Amino acid sequence: MSYQEFLTERDRIDFLIQKGYSIRAVQENLDGAFVQFERQNDGESETETLHVRTADGRKYFSAFLIRQGTAG
């Protein structure tokens, strides 16, 4: 895994968070983590799924997940 790959993952995560998405579910396996993001838009639920493959990327979304859990 390259540092550039992490930067791409970080940018995608930041983009979804800025658009109002929150982390709904995480499924980890040997190939990384599939992170499901969700947001409510006019009463409808919108979801996006990212495949996070780098260890730094998984640490990065984990920080949002912890923050999200303590915010409520």
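So, Tyr 60 and Phe 64: they sit four residues apart in helix H2, which covers residues 55–71, and that puts about one helical turn between them. Keep in mind that this is a predicted model. Tyr 60 is partly exposed, at 23% relative accessibility, while Phe 64 is buried, with a relative accessible area of 16%. How are their rings arranged? The centres are 5.3 Å apart and the planes stand at 75 degrees, so we call the pair edge-to-face.

Now hop over to helix H1, residues 3–18. Tyr 3 and Phe 6 both lie there, three residues apart, again about one turn of the helix. Tyr 3 counts as exposed, at 56% relative accessibility, whereas Phe 6 is buried at 12%. A search of the whole structure turns up three aromatic pairs. Tyr 3 and Phe 6 have ring centres 5.9 Å apart and planes at 45 degrees, so that pair is tilted.

Okay, zooming out. What order do the elements come in? From the N terminus, they run α-β-β-β-α. The radius of gyration is 12 Å, close to the 11 Å from the globule rule for 72 residues, so the protein is as compact as a globular protein of that length. Its C-alpha trace spans about 40 × 20 × 20 Å along the principal axes. Of the 72 residues, 26% are buried.

Technical notes
Residues numbered from 1 in each chain as written. Predicted model: local features only at pLDDT ≥ 70, side-chain atom pairs only at ≥ 80, totals over all residues. Heavy atoms only, no water. Helix = DSSP H or I, 4+ residues; strand = E, 2+ residues; numbered from the N terminus. Rg over C-alpha atoms; globule rule 2.2 N^0.38 Å. Buried < 20%, exposed > 50% of the residue type's maximum accessible area, 1.4 Å probe, protein only. Phe/Tyr/Trp six-rings, centres within 6.5 Å; stacked < 30°, edge-to-face > 60°.
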